[in-house]
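Visitor: Could you show me how to read the aromatic rings and the strands in a model like this one?
Guide: Let us look together and take one feature at a time.

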Amino acid sequence: MRQKQRDSYRVLVLFLLISLFLVGCHPTKKIDDTKKQASKETVTLKKIPIETDSFKKVIGWLNDEEVLIHCGYEFKDVLYRFNVKTGKLHLIYQPNALILIALLSPDQTKIFIQLAHEKDSEIQVINLSGEKLQTKTVDTMGYLNVSWNPVSLDQIFLSYYQNENKIVVSNWDIGKNTTKEVPSDTLNPIWYSENLYVYVNNQNDFLLKKGELYLGDIRTGESTHLRNQVSGFYLNQDSLVMFTPSDFNDNDLLVSYQYPFMVDKGFLEVPKMTMNDRLVFPYLTQLERKSAIYGVLPKETVHLELTAGKFHLAKLNFEKRKVETIVDLPDNAPILISPDGKSMLYGWRFESIINLENKKIDSLLKDKGTIK
């Protein structure tokens with residue numbers, strides 16, 4: 001009898017323990033399910049609350065959620081900051097003039113602006129509150145090519161064609177408000193460090209099949225030859241990607257990678273793009289010096305004067321010599337990765353955002369929907 005009572009007691013205790021265990025598990029499972037459901041939910045991007053005809057372009061990322069927007073109204077331009085998640089729009093600057101160029105500083109705290117006048121241009125640097133930090137006149141009515149020094153933020157390269165045969169490149173010292181001419185054989189010198197810059201001399205080859213890579217020094221005015229057979233390049237901090245026609249296949253473009261600068265890390269061959277036989281280089285973007293490099297690449301060799309071509313956003317894996325497709329794209333247009341690395345601006349006016357997690361493309365403009 002006592003044995004039966006003991007057995008019954010043991011069964012009861014076991015039952016209570018199992019019940020407590022199950023009660024304790026249910027809330028945890030509910031919480032886990034809630035987390036999973038929340039992780040699947042995506043934030044709906046807001047449309048820019050501006051008429052499309054007035055929208056000119058998105059300049060770039062201010063932070064993970066905000067972008068700088070350039071708009072125009074009756075020949076008078078405006079700069080806004082816009083939150084793509086909340087839809088909040090905030091006026092930064094209205095210069096009562098036509099803005100030819102707006103460019104964010106490498107640390108996203110200042111804006112370079114070129115304003116158009118009748119006989120010349122006015123260049124300005126403002127902060128994100130719209131306050132003028134510096135202003136100067138430049139003797140050209142054309143668009144400037146601009147490169148902002150990533151280390152010494154008071155230095156900006158300004159370059160333009162003075163006439164058909166003469167290129168003018170100068171360094172604007174913002175703090176002193178002075179300009180100094182820089183020896184250059186190209187319209188596009190790119191700052192590499194506080195005193196050094198990189199450029200390609202295409203040797204007057206309009207088709208860009210020829211080229212040599214140089215490293216210039218702002219202190220001495222001298223240049224050092226680095227490499228032959230470089231038609232163009234992409235530079236981000238000390239990551240360098242070079243483009244040259246392939247020696248192996250006339251339909252391909254050779255893409256070489258150096259990281260750190262001057263240390264070869266491999267190469268890829270991608271389909272070549274041309275426009276009237278002139279090389280067209282892929283648009284690339286990279287967040288940090290060691291992070292992934294993304295590019296807008298053609299799926300096959302394309303002559304853009306004959307056909308629009310088919311393109312995709314891809315990750316360039318130089319270690320495995322592979323191009324890893326992320327999403328198909330409707331056009332060969334620029335890209336710019338966000339500060340958190342989760343999305344990127346895309347389009348000729350950066351009017352769309354590519355979500356790298358769900359691989360969707362959403363337009364920021366009111367009259368366009370999601371690109372399938």
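Visitor: Is Tyr199 buried or exposed?
Guide: This is a predicted model, and in it Tyr199 has a relative accessible area of 3%, so the residue counts as buried. Tyr197 is buried as well, with a relative accessible area of 0%.

Visitor: How is a pair of aromatic rings described?
Guide: One gives the distance of the centres and the angle of the planes. Here Tyr197 and Tyr199 form a stacked pair, with 6.0 Å from centre to centre and 25° between the planes. These two tyrosines also belong to one aromatic cluster, together with Phe157, Trp191 and Tyr214.

Visitor: Why is the pair of Tyr283 and Trp348 edge-to-face?
Guide: The planes of these rings stand at 85°, with the centres 5.8 Å apart, and planes over 60 degrees apart count as edge-to-face. Because Tyr283 lies in strand S23 and Trp348 in the loop between strands S29 and S30, the pair ties together parts that are 65 residues apart in sequence. Tyr283, at 27% relative accessibility, counts as partly exposed, and so does Trp348 at 48%.

Visitor: How do the strands of a sheet pair?
Guide: They pair through backbone hydrogen bonds, either parallel or antiparallel. In this model four strands form an open sheet in the order S13-S14-S15-S16, with antiparallel pairing, and the edge strands S13 and S16 each pair on one side only.

Visitor: How many bridges join S15 to S16?
Guide: Five bridges join these antiparallel strands, and Tyr214 stands opposite His225 in S16.

Conventions: Residues numbered from 1 in each chain as written. Predicted model: local features only at pLDDT ≥ 70, side-chain atom pairs only at ≥ 80, totals over all residues. Heavy atoms only, no water. Pairing = 2+ DSSP bridges. Helix = DSSP H or I, 4+ residues; strand = E, 2+ residues; numbered from the N terminus. Phe/Tyr/Trp six-rings, centres within 6.5 Å; stacked < 30°, edge-to-face > 60°. Buried < 20%, exposed > 50% of the residue type's maximum accessible area, 1.4 Å probe, protein only.
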